[in-house]
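Reader: Before we discuss details, could you show me the sequence and the model side by side, and then take my questions one at a time?

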Amino acid sequence: MIRARGVEKRYGDKRVLRGIAFDVPRDGFLVVTGPNGSGKTTLLRLCVGLAVPTAGALEVTVPRGRIGFLGHEPLVYRELTAVENLDLYGRLYRVAERRERLGMLLERFGLWDARHERAGSYSRGMLQRLALCRVLLHSPELLILDEPYSGLDDEGTELLDRELEERREAAAFVVATHEPARIERLASARLALA
Amino acid sequence: MTYLADVGALARKDLLLELRARDTLPAMLLFVLSTLVVFHFVLPGDSSELAATGLLWVAILFTALLGLTRAFAAEREQGVIDGLVLAPSDRSAIWLGKALSILVFLGLAELVALPAFALFYGAVDAWLIAGVALANLGIAAVGTLLAAMATASRARELLLPLLFLPLAIPIVVGGVGASVTADPGRYIGFLGLYDALFAIICWASFEYVVTE
């Protein structure tokens with residue numbers, strides 16, 4: 001699904017990534033680790049198509065509509081409710097029976113009771129849960145997750161653990177994290193950025 | 001049909017956001033009204049209708065600029081533009097949806113501005129209304145693209161007028177011409193041509209503005 005060879009990314013004079021090579025097969029689970037500023041987020045943005053490499057080859061065979069991307073921001077409108085946000089994404093991603101699907105996700109992630117509240121009133125953890133609902137809404141084949149546990153409480157962490165385990169066989173993953181031990185059991189490959 | 005459904009969903013979202021946040025339209029209304037009031041006191045009592053019409057176009061242009069500065073504010077502040085760009089829909093639908101919402105805001109601002117203009121300065125004729133309507137299309141088309149370009153920059157408030165005002169000169173030429181000359185049809189045609197040409201250019205180039 002992803003094939004990277006000699007990938008390099010520069011912003012002006014600053015080189016963020018150099019000589020990155022990895023493969024993510026259909027059932028792959030790549031864990032990306034590294035200190036702050038090592039280029040984890042940049043690498044994920046390259047994989048999802050939000051940035052292009054300065055040099056090297058990065059081939060992603062999954063169409064963008066089949067990719068689920070969780071970034072640092074939840075990518076939801078704060079003035080819209082959870083239902084309105086997910087409904088908008090459901091329309092854009094052409095999710096069949098989106099009302100049922102988004103209801104099921106909101107319930108699973110414990111946001112059902114707050115579904116008609118504006119996202120701007122959500123706590124950091126609730127926003128992360130909503131972002132996860134957005135990412136999973138269209139049942140992506142490739143999940144690219146940047147610090148997915150960020151902001152989650154114990155219950156949210158367990159929910160995400162369960163979700164990742166359930167989807168482990170059905171999708172490929174690229175996950176950047178500071179807590180690799182938490183997903184070690186799922187990993188098929190590791191990439192440590194310096 | 002799917003494309004139009006995407007455009008509709010995106011435009012509806014923008015209108016809903018404005019209905020909730022109310023941070024663009026009230027500012028536009030207040031600005032255009034206060035500009036016309038200020039001009040009313042600035043212009044000498046015996047000033048010509050030509051001068052007043054010129055000032056109307058200045059007010060419309062800067063009101064539009066005010067709205068355009070806020071056009072991508074929600075997407076910028078909350079990073080949502082990434083989410084929209086990653087969706088499988090055609091990226092030009094983002095431009096068209098946003099342009100439609102800007103068109104609505106402009107139309108509403110002018111629903112207030114034109115009667116106020118008629119009250120302070122004199123009659124508003126059909127050619128002026130036609131000129132304003134066509135100018136709105138051009139402003140929305142070009143302004144949305146430039147607002148998306150400027151939003152990626154830290155100096156966006158400075159950059160947008162620098163980019164937009166030179167490209168808006170033909171709109172002003174066409175609009176003023178349609179409002180004050182003896183042959184307004186020629187200028188209406190010019191505005192229509194400008195709108196069609198720039199709408200196609202902006203529609204086709206939006207994808208390259210929102211992706212690296």
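Reader: By its count of C-beta neighbours, is Glu97(A) buried or exposed?
Author: In this predicted model, Glu97(A) has 10 C-beta neighbours inside 10 Å. A residue is called buried with 20 or more other C-beta atoms within 10 Å of its own, exposed with 12 or fewer, and partly exposed in between, all C-beta atoms being placed from the backbone. On that scale Glu97(A) counts as exposed.

Reader: How should I read the numbering and the limits of the model, and where in chain A does Glu97(A) lie?
Author: Residues are numbered from 1 along each chain as its sequence is written, while chains are lettered from A and ligands numbered from 1 in the order in which they are written. Because the model is predicted, local features need pLDDT of at least 70 and side-chain atom pairs count only at pLDDT 80 or more, whereas totals for chains, interfaces and linings use all residues. Glu97(A), whose phi is positive and near 50° although the residue is not a glycine, is placed in the loop between H2 and helix H3 (98–108) of chain A.

Reader: Which loop of chain A holds Ser139(A)?
Author: Ser139(A), too, is not a glycine and has a positive phi, of about 45°. With 14 other C-beta atoms within 10 Å, Ser139(A) is partly exposed. Its place is the loop between helix H4 (124–136) and strand S6 (142–146) of chain A.

Reader: What pattern does chain A follow along the sequence?
Author: Chain A has six helices and eight strands, where helices (H or I, at least four residues) and strands (E, at least two) are DSSP runs numbered from the N terminus. Its C-alpha trace spans about 45 × 30 × 30 Å along the principal axes, and 42% of its 194 residues count as buried. Read along the sequence, the pattern is β-β-β-α-β-β-α-α-α-β-α-β-α-β.

Reader: Which residue of S4(A) is the bridge partner of Glu8(A)?
Author: S1(A) also runs antiparallel to strand S4(A), residues 55–60, through five bridges. Within that pairing Arg5(A) has Ala57(A) as its bridge partner, and the partner of Glu8(A) is Ala55(A).

Reader: Which strands stand at the edges of the sheet?
Author: The three strands form an open sheet in the order S2-S1-S4 (chain A), with antiparallel pairing. Two of them have a single partner strand each, so one side of each is left without a neighbour in the sheet; these edge strands are S2 and S4 of chain A.

Reader: Which element gives the largest share of the side of chain A that touches chain B?
Author: The contact takes 23 residues from chain A and 20 residues from chain B, two residues being in contact if their C-beta atoms, placed from the backbone, lie within 7 Å. On the side of chain A, the elements that give two or more residues are strand S5 (67–70) and helix H2 (82–92). The largest share, four residues, comes from H2(A).

Reader: How far apart in space are Val142(B) and Ala168(B), C-alpha to C-alpha?
Author: Val142(B) is found in helix H7 of chain B and, with 24 C-beta neighbours inside 10 Å, counts as buried. Not counting residues up to four places away in sequence, Val142(B) touches Phe164(B), Leu167(B), Phe198(B) and Cys202(B). Val142(B) and Ala168(B) are 26 residues apart in sequence, and their C-alpha distance is 8.3 Å.

Conventions:
Pairing = 2+ DSSP bridges.
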